[in-house]
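Here is a friendly note to read alongside the model. The points below can be taken one at a time, with the structure open beside you.

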Amino acid sequence: MSKFIKLLPVLVCIAFVEIAASAELGSAAAQLKVEKWIKGQPVDIAACTAKSNVVVVEFWATWCAPCRATIPHLTDLQKKYKDKGISFVGISTEDEATVKKFVEKMGDKMDYSVAIDKDGATSSDYMDAFGVSGIPHAFVVDKKGRIVWHGHPMSELDGVLKEVLDGTFDLALSQKRTEAKQKLEKLVKLISRDEEENKEAIEKLVKELEVLDKETGGFMPGKKFSLASLKQMMAFSKIVNEYAKAIMNDEDDSKVDAIAARMKAAAPEDFKPANFEELRLQIFAQKYFKIVTGSTGKDDAAKLAKKMASVNTTNVVLLNQISWTILTEKSIVQRDLDLALKLAKAAVDASGGKDEKILDTHARALFDNGKVKEAIEVQKKAVELAKDDETRKELSKNLKLYQDGGKKPDTGEDGK
């Protein structure tokens with residue numbers, strides 16, 4: 001099952017030079033110009049449009065950590081929509097050997113079409129045409145062959161696809177929201193560079209954004225746009241990045257705690273204590289996985305494991321993702337099965353034991369810790385809760401392995 005770590009939302013990989021956008025939502029999607037198809041069936045935009053099918057074109061790179069975190073999510077979406085006429089394709093500008101090696105290592109975790117761009121032509125037709133500079137970035141081509149949405153694959157994509165399929169997607173609204181986001185990015189840059197020097201341009205953008213906020217019913221999910229709230233969020237984000245950097249650079253606890261205190265004081269009203277705990281766990285996890293995938297740092301890993309286990313969060317997805325990664329990630333050379341079990345159990349408790357995917361992870365953690373009988377009982381519950389035949393089949397396969405006392409479930413990893 002695909003269970004992955006979501007990196008902090010502020011992280012993207014900059015892979016292209018910033019240019020002015022020349023295309024707009026609603027424009028006809030260009031044919032994909034591909035040097036080599038690495039995996040899956042070739043995707044032809046014109047052929048898909050002729051069949052009233054939908055295409056998701058995503059740009060990524062093997063070296064981009066946020067891209068790697070997005071891959072399992074795209075795989076889940078491809079499986080979800082495989083029988084509904086939606087094709088996913090990942091486009092990379094890297095060389096064939098690099099991409100092929102990465103895709104083969106990912107195995108079933110990257111289960112959609114993957115291709116290498118032909119001399120950057122596809123990137124030019126999509127990324128450059130829309131003035132996009134960061135990856136991962138996805139484009140949705142609707143049944144009429146139009147690009148109707150583009151953005152980060154972890155943001156809004158699933159909802160957009162549902163609306164495109166059922167015919168309720170509002171292109172005009174999407175165009176306005178995209179316009180608002182572009183203006184917002186420009187505003188942030190102007191404020192960051194020199195607020196006083198750019199005062200006139202800032203005031204103009206603020207007025208335009210206030211109008212767009214009303215017309216779109218809000219282009220910032222759950223928030224009303226205002227210059228004051230934007231500045232607060234910018235200041236808060238700066239401290240968050242400082243906090244993450246202090247942890248990643250092994251600053252002493254007193255300095256980290258001091259930054260944490262400033263962060264709490266600067267947090268927006270909607271940033272609750274629970275959000276702070278989730279943030280801490282995400283940062284600890286990033287540092288932890290950096291250590292345990294290397295050959296040194298056993299003592300540091302143990303200290304971080306203790307901190308991770310003590311974080312007070314009920315974020316089921318985050319707890320489950322970290323546990324599953326500890327259990328299955330092939331590159332881990334220091335596998336803390338006890339930590340994986342603690343986090344898996346915390347996820348089960350937080351979910352009330354009613355989610356088959358969470359129970360599946362817990363059963364795996366129990367099995368890997370030698371608690372075979374308990375693993376079997378938990379896996380039986382997971383099978384009973386399965387909502388579809390495909391999931392039930394996969395969970396039943398794992399159950400049989402536990403009952404047979406054989407090898408661990410096949411996840412494409414070595415399971416050390």
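**Notes on the model**

1. D404 itself is exposed, at a relative accessible area of 52%. Please keep in mind that this is a predicted model.

2. Salt bridges can also link up through shared partners, and K183, K204 and E208 are joined into one network in that way. For the overall tally, the structure holds 21 salt bridges.

3. Helix α16 covers residues 389-404, and another pair to look at there is D389 with R392. Their side chains meet in a salt bridge of 2.9 Å, N to O. The two residues are three apart in the helix, which again means a separation of about one helical turn. D389 is exposed, with a relative accessible area of 61%, while R392 counts as partly exposed at 31%.

4. Which parts of the chain does the salt bridge between D250 and K287 tie together? The side chains of D250 and K287 meet at 3.3 Å, N to O. D250 lies in the loop between α8 (227-248) and α9 (253-266), and K287 belongs to helix α10 (residues 273-292), so the bridge ties together parts that are 37 residues apart in sequence. D250 is exposed, with a relative accessible area of 51%, whereas K287 is buried, at 6%.

5. Look for it in the loop between α7 (199-216) and α8. K223 is partly exposed, with a relative accessibility of 33%. From C-alpha to C-alpha, K223 and D213 are 9.6 Å apart in space, and ten residues separate them in sequence.

6. Some backbone details deserve a look. Most residues other than glycine have a negative phi, and most peptide bonds are trans. Where does a cis peptide bond occur? One joins I135 and P136, with omega at about 5°. P136 is in the loop between β6 (134-135) and β7 (137-141).

7. S52 is not a glycine, yet its phi is positive, at about 60°. The residue lies in the loop between α1 (45-50) and β3 (54-59), and S52 counts as partly exposed at 43% relative accessibility.

8. E156 also has a positive phi, near 75°, in a residue other than glycine. You will find E156 in the loop between β8 (147-151) and α5 (157-166). At 38% relative accessibility, E156 counts as partly exposed.

Methods:
Residues numbered from 1 in each chain as written. Predicted model: local features only at pLDDT ≥ 70, side-chain atom pairs only at ≥ 80, totals over all residues. Heavy atoms only, no water. Salt bridge = Lys/Arg side-chain N within 4 Å of Asp/Glu carboxyl O. Helix = DSSP H or I, 4+ residues; strand = E, 2+ residues; numbered from the N terminus. Buried < 20%, exposed > 50% of the residue type's maximum accessible area, 1.4 Å probe, protein only.
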